[in-house]
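The following note sets out some points on the structure shown below. Please read each point with the model in view.

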Amino acid sequence: MNDRVSNQGTAQTAEASPIVRLDRVNKHFGNLHVMKEIDLSVAQGEVVVIIGASGSGKSTLIRCVNGLEPFQSGRIEVDGKTLMPNGASGKSLQAVRTEVGMVFQQFNLFPHLSIRDNVTLAPRKVRGMTRQQAEVTADKLLERVGISDQADKYPTQLSGGQQQRVALARALAMEPRLMLFDEPTSALDPEMIGEVLDAMRELVNDGMTMMIVTHEMGFAREVADRVVFVHEGQIVEQGPPDRLFDQPQHERTQAFLSRVLKH
């Protein structure tokens, strides 16, 4: 277990007020019930890693937190703003999106913009920063994620790992209170995964509140305050990483981990 987890542990989870709260959230895609009565809270400064098989609903869960997917019933609260069912959230939706950064499987960079311009675009358009302010912020963030020397290049000139670190810098440029990661390494070649995980570790060490969907079980064990196992749209089990990985209580969790930890 890493120092951050051992120092803060469950005491942090119990004492800090939730920055995210899902209350009996249900989500359907047509006749497919992909999220079933989901209850979940995330404390400020907590790192929650969500695991489960492909198609279990874990990516949908965090996309609902950012308002990228509407849900049909229940309630989601993010940093004091409430998202309501069926997209009826009004100004709360925009407020949530300005406070939440998200990094996807795909990098979604603008190919016609330089790396620096990709990072400065949202702060200038949404936060109202001047170009100079945004560029100072972008240069600091590109240095933070280890690619300051790539600022004047274009996305196609960078490796996949570098592009994903640009996507991370772009999300951080909005000064988010919460970071969401949807399998950020799944589109990368194996040798590029480590550099993205290293950049995420820096955020963990800085105390950023994070919800991470990942198949990287070693990384999950290392950085998580809490691991949540999702199966067929339900939270089956959750707990500290050492307990969940070493002594899973539910047979579904046991079966999943027996498959993924062999490889």
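1. Six strands build an open sheet of mixed pairing, in the order β6-β7-β8-β3-β9-β10. Strands (E, at least two residues) and helices (H or I, at least four) are DSSP runs numbered from the N terminus, and two strands pair if DSSP finds at least two bridges between them. Because β6 (100-103) and β10 (234-239) stand at the edges with a single partner strand each, one side of each has no neighbour in the sheet.

2. This is a predicted model, in which local features need pLDDT of at least 70 and side-chain atom pairs count only at pLDDT 80 or more, while totals for chains, interfaces and linings use all residues. Residues are numbered from 1 along each chain as its sequence is written, and side-chain values use heavy atoms, with hydrogens and water left out.

3. Strand β3 (residues 47-51) pairs with β8 (residues 210-213) in the parallel sense over four bridges. Within this pairing, Ile50 stands opposite Val213 in β8.

4. Helix α10 (residues 251-260) packs on the sheet and touches β3, β9 (226-231) and β10; contact means heavy atoms within 4.5 Å.

5. The whole structure holds one aromatic pair. The ring centres of Phe229 and Phe256 are 5.2 Å apart and the planes stand at 35°, so the pair is tilted (centres within 6.5 Å; planes under 30 degrees apart are stacked, over 60 edge-to-face, the rest tilted). Since Phe229 lies in β9 and Phe256 in α10, the pair ties together parts 27 residues apart in sequence. Both Phe229 and Phe256 are buried (under 20% relative accessible area; exposed is over 50%, partly exposed in between; 1.4 Å probe, protein chains only).

Note on methods: Axes fitted to C-alpha atoms, helices over the stretch in contact; angles between N-to-C directions. Phe/Tyr/Trp six-rings, centres within 6.5 Å; stacked < 30°, edge-to-face > 60°.
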